[in-house]
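Visitor: I have a model open and some questions about it. Can we go through it piece by piece?
Guide: Go ahead.

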Amino acid sequence: MSNISIGQYIPFDTPVHRLDPRVKIILTIFFMVMIFFVKNFLVYIPVFLFVAFTIYIAKIPVKSLIRGLKPLMILLIITAIINVITTPGEELFHIWKISVTKEGLYKSVFMILRLVFIVISTSVLTYTTSPMRLTDGLEKLFSPLSKVGFPAAELAMMISIALRFIPTLFKESEKIRMAQMARGANFESGNLMTRAKNMIPLLVPLFINSFKRADELSTAMEARLYRGGRYRTRLNELKMTKSDVVVFVVVAVFFSIIIWIKYI
């Protein structure tokens, strides 16, 4: 449970932390799109150097990012297996009726790298952006859509609350698990169906506490007369600086070059 990195924030004073949240959100989305245009392992070298440089500048502990990848190990393994056994091509060897191809191994490695880079980029965004600034950035980005009735402020607040409470829910589930184990519950022995049934004493209190926490949060927001984007003022308004524009242009050009390499 302690391996979850998405939603956590590290309050450092670095150039990455000081960037406008709108710049970081747009560049993160651009980075995710760019990753799927990479078709050559050599192109991953500048991408890896860019990610490593960003992590170094932001002073994010590498161990924290690695721990954040551990919960995805099962997903990565399943993705690799599916790509290996379903991709036709030059056969390397076969196990029973399953054929492992060269193209399948090649594609599975690409998919694993893509998922790893996407998770790391999302973790860097949340590690370097406080929930409040992330909410303000999302609300500013969605604000043009509010003219056609789109609930920009409400959606931004929902995303921010979801990211904020991801670590809280996992910590709470760990406390419930330890309490149930102290009462004799067993979550690790037995077959798959038995372990699934044994999860009921964990999931029921977790859902009840989650709904209770949501009700308390909504009551607190109503007591403070929260009304979304209407008539809302901020102590620190988001302002784009020259450094934000320079970083956005330079990084966007770098991502564009990576995409352009696919077509040459």
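Predicted model: local features only at pLDDT ≥ 70, side-chain atom pairs only at ≥ 80, totals over all residues.

Visitor: What should helix H11 span at 1.5 Å a residue?
Guide: H11 has 20 residues, 242–261, and should span 28 Å, which agrees with the 29 Å between its end C-alpha atoms. The expected span is 1.5 Å times one less than the number of residues. Helices here are DSSP runs of H or I with at least four residues, strands are runs of E with at least two, and both are numbered from the N terminus.

Visitor: Switching to H4. Which of its residues are buried?
Guide: In helix H4 (residues 62–69), the buried residues are Ser 64, Leu 65, Gly 68 and Leu 69. Down the axis of H4 they fall within an arc of 145°, so they line one face of the helix. Val 62 and Lys 63 are exposed on the face turned away from that buried side.

Visitor: What covers the buried residues of H4?
Guide: The cover includes H3, helix H5 (73–86) and H6.

Visitor: Aromatics next. How many aromatic pairs are there?
Guide: The count comes to 12 aromatic pairs. Rings of Phe, Tyr and Trp (its six-membered ring) pair if their centres lie within 6.5 Å; planes under 30 degrees apart count as stacked, over 60 as edge-to-face and the rest as tilted.

Visitor: What about Tyr 44 and Phe 110?
Guide: Tyr 44 and Phe 110 form a tilted pair, 5.6 Å centre to centre with 45° between the planes. Tyr 44 lies in helix H3 and Phe 110 in helix H6 (residues 102–128), so the pair ties together parts that are 66 residues apart in sequence.

Visitor: Are those two buried or exposed?
Guide: Tyr 44 counts as buried at 6% relative accessibility, and Phe 110 counts as buried at 5%.

Visitor: Which residues form the aromatic cluster?
Guide: Phe 30, Phe 31, Phe 41, Tyr 44, Phe 50, Tyr 106, Phe 110, Phe 117, Phe 254 and Phe 255 form one aromatic cluster.

Visitor: What volume does the largest pocket have?
Guide: About 510 Å³. On a 1 Å grid over the protein atoms alone, a pocket is an open set of points where a 1.4 Å probe fits, with protein on both sides within 12 Å along at least five of seven lines; lining residues have an atom within 4 Å of a point. Grid points are joined across faces, edges and corners, and the volume is the space filled by probe spheres set on the points.

Visitor: Which residues line the pocket closest to its centre?
Guide: Of the 24 lining residues, Val 16, Leu 19, Leu 27, Phe 50 and Thr 54 are the closest to the centre. H1, H2, H3, H6 and H11 each supply at least two residues of the lining.

Visitor: Where does Gln 180 lie, and what does Gln 180 touch?
Guide: Gln 180 is in helix H8 (residues 152–182) and is buried, with a relative accessible area of 17%. Not counting residues up to four places away in sequence, Gln 180 touches Ala 185, Phe 187, Pro 201 and Pro 205.

Visitor: Last one: what is the secondary structure of the chain?
Guide: The chain has 11 helices and 2 strands. Of its 264 residues, 34% count as buried.

Conventions. Residues numbered from 1 in each chain as written. Heavy atoms only, no water. Buried < 20%, exposed > 50% of the residue type's maximum accessible area, 1.4 Å probe, protein only. Contact = heavy atoms within 4.5 Å. Arc of directions from axis to C-beta.
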